[in-house]
Amino acid sequence: MIQNGTRQRSVLSPYLFSRYIRDMLGAVANSQIGCKTANQFINTLAYADDLVLIAPSWRALQHLLSVLYSNANKLNKTVCMMFKPKNRNRIIADVFPKLSVGDCCINFVTTFKYLGNTLNDNLRDNDNIQREVKNMYVRTNILLRKFGECSFNVKLKLFRNYCLCFYDIALLHSYSLSSLNKFRSCYTTIDV
């Protein structure tokens, strides 16, 4: 059992982590439990130290959690989110038994932050748009406070490079018209 780890951003951290998680991910992948999406079988999404399990039913998810638990001694920040089908006629139940990891029960959540994006059980991106609007105002105010005396061209260059962060905008798929209008308004009303 490892008692001491490596510090973040260490050159050795990614190498050791990949060796630690490789067997765990292999065991989950070999379980043959998951969902088929676009003719591709998926049961795990892994990015750095974040892991998402995808299963078609409660029992399948509990089995994947048991496989993970048998390969790891501690799973931190584990929560569960259930997405309802678009066709309401396919809903079998709204309440499910608690999932467990070892002897700990897992909480069901309706909202979860994953890799900087807010996931909702209603599959809407309004929270992410609100976050981007807020961040654009915050970054612009910081820019104006620190570089207010600079020329217009300098501020414009800084604004384009620092304030316009559209890194994950291509992920936005389902949102209300009012959220999109707030985002447009934020972009056009900022006075650099």
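Q: How many salt bridges does a search of the whole structure find?
A: One. Keep in mind that this is a predicted model.

Q: Which residue forms the salt bridge with E132, and how far apart are the closest N and O atoms?
A: R131 is the partner of E132, and the closest N and O atoms are 3.1 Å apart.

Q: Is E132 buried or exposed, and what about R131?
A: E132 is buried, and R131 is buried as well.

Q: OK, stepping back. How many helices and strands does the protein chain have?
A: Five helices and nine strands. Along the sequence the pattern reads α-β-β-β-β-α-β-β-β-β-β-α-α-α.

Q: What share of the residues count as buried?
A: Of the 192 residues in the protein chain, 26% count as buried. The chain exposes about 14200 Å², and carbon and sulfur atoms supply 54% of that area.

Q: And what share of the contacts comes from residues 24 or more positions apart?
A: They account for 54% of the contacts with a separation of 6 or more.

Q: Now helices. What does α2 look like in numbers?
A: Helix α2 covers residues 58–71, so to speak its 14 residues, and reaches 20 Å from its first C-alpha to its last. That is close to the 20 Å expected at 1.5 Å a residue.

Q: Which residues of α2 are buried?
A: They are A60, L61, Q62, L64, L65, V67 and L68.

Q: Why would residues three or four places apart in a helix point the same way?
A: An α-helix has 3.6 residues a turn, so residues with that spacing end up pointing the same way.

Q: How do β5 and β7 run, and how many bridges join them?
A: They run parallel and are joined by two bridges. In that pair, C80 stands opposite F108 in β7.

Q: What about β3 and β4?
A: Strand β3 (residues 44–47) runs antiparallel to β4, with four bridges between them. L45 stands opposite V52 in β4. The two strands form a hairpin with two residues between them.

Q: What is the phi of A48 in that turn?
A: A48 has a positive phi of about 55°.

Q: Moving on to β8 and β9, which way do they run?
A: Strand β8 (residues 111–114) and strand β9 (residues 117–120) run antiparallel, joined by four bridges. K113 has T118 in β9 as its bridge partner. β8 and β9 form a hairpin with two residues between them, and L115 in the turn has a positive phi of about 55°.

Q: Where else is there a positive phi in a residue other than glycine?
A: Q32 has one, with phi near 60°. Q32 lies in the loop between α1 and β1 (35–37). A38 also has a positive phi, about 55°, although A38 is not a glycine. A38 is found in the loop between β1 and β2 (40–42).

Q: Why does Q32 count as exposed?
A: Because its relative accessibility is 60%, and exposed means over 50%. A38 counts as exposed because its relative accessibility is 74%.

Q: Different topic. Which residues form the nonpolar patch on the surface?
A: L12, Y15 and L16 form that patch, with about 290 Å² of accessible area together. L12 lies in helix α1, residues 12–29.

Q: Last one. Where is N128, and what does N128 touch?
A: N128 is found in helix α3, residues 126–147. N128 is buried, with a relative accessible area of 5%. Leaving out residues up to four places away in sequence, N128 touches N117, T118 and L172. T118 is also the bridge partner of K113.

Definitions and conventions:
Residues are numbered from 1 along each chain as its sequence is written. This is a predicted model: local features need pLDDT of at least 70, side-chain atom pairs count only at pLDDT 80 or more; totals for chains, interfaces and linings use all residues. Side-chain values use heavy atoms; hydrogens and water are left out. Patches are made of residues with over 30% relative accessible area and no salt bridge: like charges are joined within 9 Å, nonpolar side chains (Val, Leu, Ile, Met, Phe, Trp, Tyr) within 5 Å. Accessible areas come from the Shrake-Rupley method with a 1.4 Å probe; for residues, only the protein chains shown count as cover. A salt bridge is a side-chain nitrogen of Lys or Arg within 4 Å of a carboxyl oxygen of Asp or Glu. The expected span of a helix is 1.5 Å times one less than its number of residues. Buried means under 20% relative accessible area, exposed over 50%, partly exposed in between (1.4 Å probe, protein chains only). Two strands pair if DSSP finds at least two bridges between them. Contact means heavy atoms within 4.5 Å.
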